[in-house]
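Trainee: I would like a close look at one part of this model. Please take it slowly and give the cut-offs as you go.

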Amino acid sequence: MGHVFRGALFAEQGWIGRMRVIFLLIQVAACVAVECSAEADFWNSDLDLAMEDAASEEKAVLLYFTGSDWCHWCRKLDNELFADTPYRKRLLDSVIPVLLDFPRGRSIAPGTLRKNRIEKHKWSVDTFPTVILFDPKSGEELWRHSYMSVELEEYLEAVEIALDS
């Protein structure tokens with residue numbers, strides 16, 4: 001069985017066959033990187049830049065305080081609410097999303113962690129996850145919630161109601 005697999009994998013003898021396999025592995029890695037990039041394209045990590053974008057685009061800011069690598073309810077909220085790409089695109093029509101992460105099992109840049117802690121204190125966040133929708137011009141908090149089990153359409157409606165109030 002091993003020879004059949006090896007023969008199929010390296011159908012061409014020598015370095016050309018191996019280069020094709022390496023090229024295939026690079027393509028797979030690029031696809032994984034694109035998926036990670038889609039995640040990074042949705043969430044902003046710099047609140048100052050997000051505030052500038054929100055002001056220029058006349059949008060609200062959605063702060064998401066999470067413990068990405070340890071908080072069960074954060075991961076559940078991610079999977080149920082923020083993982084759906086078409087939904088995320090619709091959410092981007094009205095908000096600039098900002099991820100403020102507090103991981104325990106991995107490190108983040110000390111400056112980022114310091115900024116995240118300042119925002120956590122400023123917004124009186126004491127549970128994870130906490131999602132805050134606010135108006136960047138007035139600084140007014142429009143809506144706050146922790147984990148909630150809700151359909152995507154209901155969530156979009158709740159965001160729109162908060163923005164209209």
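Trainee: In the hairpin of β3 and β4, which residue takes a positive phi, and how many residues lie between the strands?

Mentor: Gly139 takes the positive phi, near 80 degrees, and the hairpin has six residues between its strands. This is a predicted model, in which local features need pLDDT of at least 70 and side-chain atom pairs count only at pLDDT 80 or more, while totals for chains, interfaces and linings use all residues. Residues are numbered from 1 along each chain as its sequence is written, and side-chain values use heavy atoms, without hydrogens or water.

Start with the two strands. β3 covers residues 130-134 and β4 covers residues 141-145; they run antiparallel and are joined by four bridges. Helices (H or I, at least four residues) and strands (E, at least two) are DSSP runs, numbered from the N terminus, and two strands pair if DSSP finds at least two bridges between them.

Leu62 has Leu133 as its bridge partner in β3.

Next, the cover over β3. Five of its five residues are buried, that is, under 20% relative accessible area with a 1.4 Å probe on protein chains only. Both faces are covered, with Thr130, Ile132 and Phe134 on one side and Val131 and Leu133 on the other.

His145, in strand β4, deserves a separate look. It counts as buried because its relative accessible area is 9%. Its side chain makes a polar contact with the side chain of Tyr155, at 2.7 Å. A polar contact is a pair of N or O atoms within 3.5 Å; within protein, one must be able to donate a hydrogen and the other to accept it, and residues adjacent in sequence count only if both atoms are side-chain atoms. Neighbours within four places in sequence aside, His145 is in contact (heavy atoms within 4.5 Å) with Pro129, Thr130, Val131 and Tyr155.

Pro129 comes up again with Cys71. Cys71 sits in the loop between β1 and α4 (72-82). With a relative accessible area of 5%, Cys71 is buried. Setting aside neighbours within four places in sequence, Cys71 is in contact with Phe128 and Pro129. Cys71 and Phe128 are 57 residues apart in sequence, yet 7.0 Å apart in space, C-alpha to C-alpha.

Finally, follow β1 to a helix. β1 (60-66) is among the elements that cover the buried residues of α3, as are β2 (95-101) and α6 (110-122). In α3 (residues 47-57), those buried include Leu47, Ala50 and Ala54. Seen down the helix axis, the buried residues fall within an arc of 55 degrees, so they line one face of α3; the arc is taken from the directions from the axis to the C-beta atoms. On the other side of α3, Glu52 and Ser56 are exposed, which is defined as over 50% relative accessible area. At the start of α3, a side-chain oxygen of Asp46 comes within 3.0 Å of the backbone nitrogen of Asp48. Just after α3, Glu58 has a positive phi of about 55 degrees.
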